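Thanks for asking me to look over this one.

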Amino acid sequence: MIVSSEEELPVCEKWAVCSKVDMYQWPWVERQCRCPPGVPPCSQMLSPADGHTITDKTRQFKLCEPIKMLPKCRYFRDMAWTLRSEGNGTLQTVHCHCPKGSVAYLLKRQAYQTESKQIGYQYSFACSPQSVSASVYYNYVLKSLEKSPVKNQFLSCGIAFFVQQRLRCQRKEPCRLFTVRKRQEMVDEVNTNTLCQCPPEHGCPSHHTDAGVIQSKNYSEENIRTYSGYCMQPSAN
């Protein structure tokens, strides 16, 4: 949400994300709402160690309330957070925190009617152990969304809605998928998904501009590009 002052932000609902911080390349902060009166302002720390932060890969979700008051999510069952469009911005509400060492994935998508009688969508995310990953994201999800009108939502989330045991990467199989979206602020919004584990003495690129990364798909209408990273042997000095 682009605003010129704190007063232009809406007041946060209970357990709403007041600020998002992306640490993928360099710190990038996106304010969502302002904390209500009588509550400390939204944390401006770039560290998650402020007692008000939920982490998801390279992202931090800042809350007005202390996260110690949140219950712990149960794997595959509880909704960790929901995300829906609200006017010119998004409303992200946290319901529980994922156990340490787990990752979030898209659990379901529900249609709803907005105040302007338009059809909107709410996305619900759950937690899975880190030992399972989005390895079918590349092989199944991208192909199944080629002609889908909602492919940009899934690509921008960068989270698979299927999970399976992480496998060793096969020859010519990408180890990591990057989805890069150019925002109006001319900032790259990048999400990563690890697809498989590289063999011994090989490493998987961690950045979409690293060696071993090639462009896969270009969705110009949504300003989204996808990149595939492949296992690389370290270069000899």
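The points below go through the aromatic rings and then the sheets.

1. Some ground rules first. This is a predicted model, in which local features need pLDDT of at least 70 and side-chain atom pairs count only at pLDDT 80 or more, while totals for chains, interfaces and linings use all residues. Residues are numbered from 1 along each chain as its sequence is written, and side-chain values use heavy atoms, with hydrogens and water left out.

2. Aromatic pairs come to three. The rule takes rings of Phe, Tyr and Trp (its six-membered ring) with centres within 6.5 Å; planes under 30 degrees apart are stacked, over 60 edge-to-face, and the rest tilted. One of the pairs, F61 with W81, is edge-to-face, with 5.2 Å between centres and 75° between planes. F61 belongs to strand β4 (residues 59–63) and W81 to strand β5 (residues 81–86), so this contact ties together parts 20 residues apart in sequence. Strands here are DSSP runs (E, at least two residues), numbered from the N terminus.

3. Both F61 and W81 are buried; that term means under 20% relative accessible area, with exposed over 50% and partly exposed in between (1.4 Å probe, protein chains only). Ring pairs also bring in F125, giving a cluster of F61, W81 and F125.

4. Y75 and F76 make a tilted pair, 6.3 Å centre to centre with 50° between the planes. Y75 counts as partly exposed because its relative accessibility is 34%, and F76 is partly exposed at 38%.

5. Do look at R84 too: its charged end sits over the ring of Y112, 3.7 Å from the ring centre. The criterion is NZ of Lys or CZ of Arg within 6 Å of the ring centre and within 35 degrees of the ring normal.

6. Now a sheet that includes β4. Four strands form an open, antiparallel sheet in the order β2-β1-β4-β3, where pairing requires at least two DSSP bridges between two strands. Its edge strands, β2 (28–31) and β3 (53–56), each pair on one side only. Strand β1 (residues 17–22) meets β4 through five antiparallel bridges, and V17 stands opposite L63 in β4.

7. Another open sheet has four antiparallel strands, ordered β12-β11-β14-β13. Here the edges are β12 (188–194) and β13 (213–219), each pairing on one side only. Strand β11 (residues 176–182) is joined to β12 by seven bridges, running antiparallel. Within these strands, V180 stands opposite V190 in β12.
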